[in-house]
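Here are my notes for a colleague opening this entry for the first time. Please read them beside the model.

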Amino acid sequence: MVLVDDGAMILRLGGGLEFLCQLDVSDASQRQLEVSRSFADLRSRVKAESLVFSLTDSALFIWPNKSFQASLDDVDESTACGELLQSEDDDGGGKKKKKDKKSPVVNLRFMMEITEPTEPSAPCLYRENKKHHCIRMVLPMDCVVTVRSDETFGSSCKRLLRALSTQLSEMEAVTLRHMKDTDVPVPRPFHFSLPTSTELVTIVYPASVDDKGLESFRKELHNRFELPDDRPYFRRSNAFHFPDEPYKDGYLRNPHNHLNHPNIEGAKPYLVQGVYSYHHYMQDRMDDNGWGCAYRSLQTICSWFRQQGYMERTVPTHKEIQQALVDVGDKPAAFVGSRQWIGSIEVQAVLSHLLGVTSKILFVSQGSELPSQGRELANHFLTEGTPVMIGGGVLAHTILGVAWSETSGQIRFLILDPHYTGGEDLQTITDKGWCGWKGPEFWDQNAYYNLCLPQRPKAI
């Protein structure tokens, strides 16, 4: 697990390197040598004095291979990395603006100086009559190092240079492993946060090969990092999401992370594991106010399976959920396009049909009995870690965890409420209790409840 506290930060270096290669169409072994030669040329380029690092949203430029030259007088090799978070930039009107200190990520870009002093020379031309296949692509370099805020920027830049060279070597290995004749895949790096590491682990995958085609390679990675083989850690959807990057789909992720745990003597929190999206009324230009709460809870559950790497398909729409229930024979054809409710049993059927996920169903005859399920729910979040859909009467909710005392039996439920109709405002959602801890009195004491507990598939 990546630890980024007050004394640590992530330096992230990105940029594109143009890969050029002429492949001999008649000689396979020669083609591999030519690919390796092109990568060796790129490794030489990143060691050249013409390499420049630039700090994003700043006037700072650094020549790391040229005795650490910097464009700003107050930055040198001994500058602490933590000072980069307080760096100032001229906005063009003479005013200074502060960088956001809340983000533990410092973004840098690299580039190459095009012109440099050289001895005058005349070009030499030669001609060769031979069939070649020309490869030209941009390699999406993306390197990260975790540093202490008091570490010198000079030593951190040396680590970034080593990471850049190492990533080129890994891209070369992936390219040679997956190229077919003159078809060369684009290698793309991904960063992963592992429970066995305090730093991000970078893995390079070929863009043209899907997760299914990389299963044997992921098994090698699980063995290398001594990870269990019953859950995915290295699928593309498991990639680390940097805190300074917004999600493109607009959904909030894990709003419960911004809540404090309830203060119950002897109680321990048992929470959902991983990342989910908050799905609720009125999203996706869909007016489901008053009837779609179970659909939204199901979508939240599906988003969890997607973001943990168990499925590649998108989160199903209301219509796709209804069609799935028709396909399994649970509903008539007229159900598609209707505004009819669904419950825990239907959620179980859809998860099985669309995702191949099995679920346990808990039946509680009245809401006053829900606290007695504390041990069962605690064990579920400890072992499976999936969101739980609960339906009772005419309402459905998502349970994200429990705070439960084994000795006293006291319990609080962490509820994600799909009945919210507003925008994606985290403060409103947490302050108004749309995502929050609820006591046993939250439930209708006389209504029966069904709970759908999705089981985590065993897969990598």
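1. Ala-267 lies in strand S11 (strands are DSSP E runs of at least two residues, helices H or I runs of at least four, numbered from the N terminus). Ala-267 is partly exposed, at 23% relative accessibility (buried is under 20% relative accessible area, exposed over 50%, partly exposed in between, with a 1.4 Å probe and protein chains only). Beyond its neighbours within four places in sequence, Ala-267 is in contact with Ala-403, Trp-404 and Ser-405 (contact means heavy atoms within 4.5 Å).

2. A word on the source. This is a predicted model, where local features need pLDDT of at least 70, side-chain atom pairs count only at pLDDT 80 or more, and totals for chains, interfaces and linings use all residues. Residues are numbered from 1 along each chain as its sequence is written, and side-chain values use heavy atoms, without hydrogens and water.

3. Asn-254 sits in the loop between helix H3 (215–224) and strand S11 (267–271). Asn-254 is buried, at 8% relative accessible area. It touches Gly-274, Val-275 and Tyr-276, leaving out residues up to four places away in sequence.

4. The structure holds 18 aromatic pairs (ring centres of Phe, Tyr and Trp, its six-membered ring, within 6.5 Å; planes under 30 degrees apart are stacked, over 60 edge-to-face, the rest tilted). Phe-413 and Trp-443 pair edge-to-face, 5.5 Å centre to centre with 85° between the planes. Phe-413 is in strand S15 (residues 411–416), 30 residues from Trp-443. Phe-413 is buried at 1%. Trp-443 is buried at 3%.
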